[in-house]
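Subject: Structure handover

Hello,

Here is the structure for you to pick up. Please open it first, then read the notes below.

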Amino acid sequence: MKGFIFDLDGVITDTAKYHYEAWRNLGEKLGITVDEKFNEQLKGISRMDSLDRILALGNKENEYSLYEKKQLAAEKNAYYLNLLQGLGPDDLLSGVKEFLMAAQERNIPCAIASASKNAPLILEKLDVNDYFEAIVDPASLAKGKPHPEIFIRAAQLIGIEATEAIGFEDAQAGVDGIKACGMFAVGIEVDEPLIGVDISVNSFCDLDIDKLLEIQRNR
Ligand code: B16
Ligand code: MG
């Protein structure tokens, strides 16, 4: 048995840039500069954990109540959703659709392991829902990435062991989660190098599905 487990933001589509823009906007209102380098630390991290990291960056971690923090997170999400308005099938990253079609032809189940609560909406906008047998609900998890729980759950949902799956990630937190459960990791490296991946590519255009399966088999 085999299966593919995909992160969403930065792997299927480039919504990572919208998350960054939305956090930078919120940071400006709070007097905290969220730059591109710091933003790397937010990739794959849940909404509330990202907010906590930003507040800590500005030494403001004790200035807001939980209620206020939930309001700030909701404000960021509203801004983010606004940026997603024009998202459509053309926003799939290069080679993703072809890879999903090739997986479907080979009857290899695919699942989404994204920290994003917006994942179902984004997949619908991209018109790729039908390629995925399962989407992990991040609200159902005890721990976020880099904990491996989300990847273990995704493998369970498609009926395979974590060690039988190949995981695709663009963030270090995600790669760490994949490797922590013995899964084969493919890094989608655009900016920063990812440590610990089994192979890395710039995009799905660089991946031959059959060669990838062979590499995993002979690992
Ligand atoms: P939301 P991934 C993650 O998605 C993003 O990388 C991260 O920047 C974001 O904070 C997180 O989802 C939560 O997203 O606010 O939409 O629930 O990379 O795990 O697909
Ligand atoms: Mg990601």
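First, a cut-off. A residue is buried if 20 or more other C-beta atoms lie within 10 Å of its own. Val175 has 29 such neighbours, so Val175 counts as buried. Please keep in mind that this is a predicted model.

Val175 and its surroundings

Val175 sits in helix α8, which covers residues 172-180. Setting aside neighbours within four places in sequence, Val175 is in contact with Glu169, Ala185, Gly187, Leu194, Gly196 and Val197. Take Gly187 from that list. Gly187 and Val175 are 12 residues apart along the chain, and their C-alpha atoms are separated by 7.3 Å.

The sheet

How are the strands ordered? Six strands form an open sheet, and the order is β3-β2-β1-β4-β5-β6. The pairing is parallel. At the edges stand β3 (134-135) and β6 (199-201). Each has a single partner strand, so one side of each is left without a neighbour in the sheet. Further in, β1 pairs with β4 (residues 165-169) over four bridges, in the parallel sense. One residue to look up here is Phe4, whose bridge partner in β4 is Ile166. As background, strands of a sheet pair through backbone hydrogen bonds, either parallel or antiparallel.

The annotated residues

Which residues carry the "binding site" annotation? In UniProt (unreviewed entry), the annotation covers Asp7, Asp9, Glu169 and Asp170. They span 164 residues in sequence, yet no two of their C-alpha atoms are more than 8.9 Å apart, so they gather at one spot.

Asp7 is in the loop between β1 (3-6) and α1 (16-30). Asp7 is buried, because 31 other C-beta atoms lie within 10 Å. Residues up to four places away in sequence aside, Asp7 touches Gly44, Ala113, Ser114, Phe168, Glu169, Asp170, Ala171 and Gly174. Leu123 is 116 residues from Asp7 along the chain, with 12 Å between the two C-alpha atoms.

Asp9 also lies in the loop between β1 and α1. Is Asp9 buried or exposed? Asp9 is buried, with 23 other C-beta atoms within 10 Å. Not counting residues up to four places away in sequence, Asp9 touches Thr15, Ala16, His19, Ser114 and Ser116.

The ligand

How many residues surround ligand 1? There are 20, and the closest are Leu8, Asp9, Ser114, Ala115 and Ser116. The elements that give two or more residues to this shell are α1 and α3 (47-57). By type, the shell divides into six nonpolar, nine polar and five charged residues.

The core

In soluble globular proteins, nonpolar side chains tend to be buried together. Here, the largest nonpolar core has 55 residues. Those with the most contacts inside the core are Ile5, Phe6, Ala111, Ile112, Ala113, Phe151 and Ala154. Helix α7 (residues 149-157) gives the most to this core, with six residues. Ala154 touches Ile5, Ala111, Ala113, Ala134 and Val136, again not counting residues up to four places away in sequence. Ala113 is also among the residues that Asp7 touches.

Best wishes

Terms used
Residues numbered from 1 in each chain as written. Chains lettered and ligands numbered in written order. Predicted model: local features only at pLDDT ≥ 70, side-chain atom pairs only at ≥ 80, totals over all residues. UniProt positions renumbered as here; feature names shortened; annotations may be inferred. Buried ≥ 20, exposed ≤ 12 C-beta atoms within 10 Å, placed from the backbone. Contact = placed C-beta atoms within 7 Å. Near = placed C-beta within 6 Å. Nonpolar A, V, L, I, M, F, W, Y, C, P; charged D, E, K, R; others polar. Core = buried A, V, L, I, M, F, W, Y, C linked by C-beta atoms within 7 Å. Pairing = 2+ DSSP bridges.
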